[in-house]
Amino acid sequence: MMSTKVIISCAITGSIHTPSMSPHLPVTAAEIAESALGAAEAGAAIVHLHARNPDDGRPDQSPEAFEPFLKVIKQSSDVVVNLTTGGSPYMSVEERVRPAAMWKPEVASLNMGSMNFGLFPMLKRYKTFKHEWEPAMLEGSHDLVFRNSFKDIRYALETLNETGARYEFECYDTSHLHNLHHFWTEGLVQAPLFIQTCFGLLGGIGGHPEEVLHMKRTADRLFGDQYRWSVLGAGRSQMQVAAQAAAMGGHVRVGLEDNLWLDRGTLATSNAAQVMRVRQIIDGLGLEIASPSDAREILALKGSDRVGF
């Protein structure tokens, strides 16, 4: 569905990048809240949130770890909050779903298929680490399958549907779109579907323009006008993929979860910096950015008054 208003989502910290890779990666609850609010001020309508252990930056999927920054964000902004159910690929689905089940956000991410999840190439780029868990996590991805079985996906949907949350369906390959179509025909998910096609992660589809087109054409064939399309490009493909999708009527995701850099050799000093960069692309295409209220209307969200925080 073509729209002149582009939703910018910003993924604030994630679980892939580690504290040693950038001094600008938010780790503490205060840093995550500040960075999320900065992204919202810069133009992000949605912030996608993970939590981390404040002492060593390790991914933390306990609901209690989310509470401090959720309350600050809610009190300070009308930005749409999207909570991860991806957590870390080293976690069980039960652990990953707990924060969204407790806090009942307007949007929860949901990975739509199992996949190899290769983070080990980053070991060539980074040689020194602050914490022992960082290189161990990257090395372990040589033999890592990020499990998202049909049983796992069904568990997440049956747990979260009763909260009224909608989903950011994360699709890293064509098969994930077909998996989503299965659950749609089963009646476990409702239109409009918010489909985030993800490019450039080792184990998923690449970031070539033809691959972006392939995912869009497949989604068009499977879902017609019953979905809203967004993209994320990992690493250096971030802005190129975003530009292509925005020009085609889609929405975009940026943020330090997906890419630590702003330009070649230049670290992004904040999530807001990436939001402002993609906003320049959107403005250059003659399009408008969507406000949080626009995003709620486009995605048919329940509203911030019905969340659990």
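Here are some notes on the fold and the aromatic pairs of this predicted model.

1. A word on the ground rules. Residues are numbered from 1 along each chain as its sequence is written, and side-chain values use heavy atoms, with hydrogens and water left out. In this predicted model, local features need pLDDT of at least 70 and side-chain atom pairs count only at pLDDT 80 or more, while totals for chains, interfaces and linings use all residues.

2. The protein chain has 10 helices and 14 strands (DSSP runs: H or I of at least four residues for helices, E of at least two for strands, numbered from the N terminus). Its C-alpha trace spans about 50 × 40 × 40 Å along the principal axes.

3. Of the 309 residues in the protein chain, 57% are buried (buried is under 20% relative accessible area, exposed over 50%, partly exposed in between, with a 1.4 Å probe and protein chains only).

4. On to the rings: there are 6 aromatic pairs (Phe, Tyr or Trp rings, the six-membered one for Trp, with centres within 6.5 Å; planes under 30 degrees apart are stacked, over 60 edge-to-face, the rest tilted). Tyr167 and Phe169 have ring centres 5.5 Å apart and planes at 35 degrees, so this pair is tilted. Tyr167 is buried at 7% relative accessibility, and Phe169 is buried at 3%.

5. Trp184 and Phe223 also make a tilted pair, with centres 5.4 Å apart and planes at 55 degrees. Trp184 sits in helix H6 (residues 174-185) and Phe223 in helix H7 (residues 209-223), so the pair ties together parts 39 residues apart in sequence. Trp184 is partly exposed at 24%, whereas Phe223 is buried at 2%. Together with Tyr227, Trp184 and Phe223 form one aromatic cluster.
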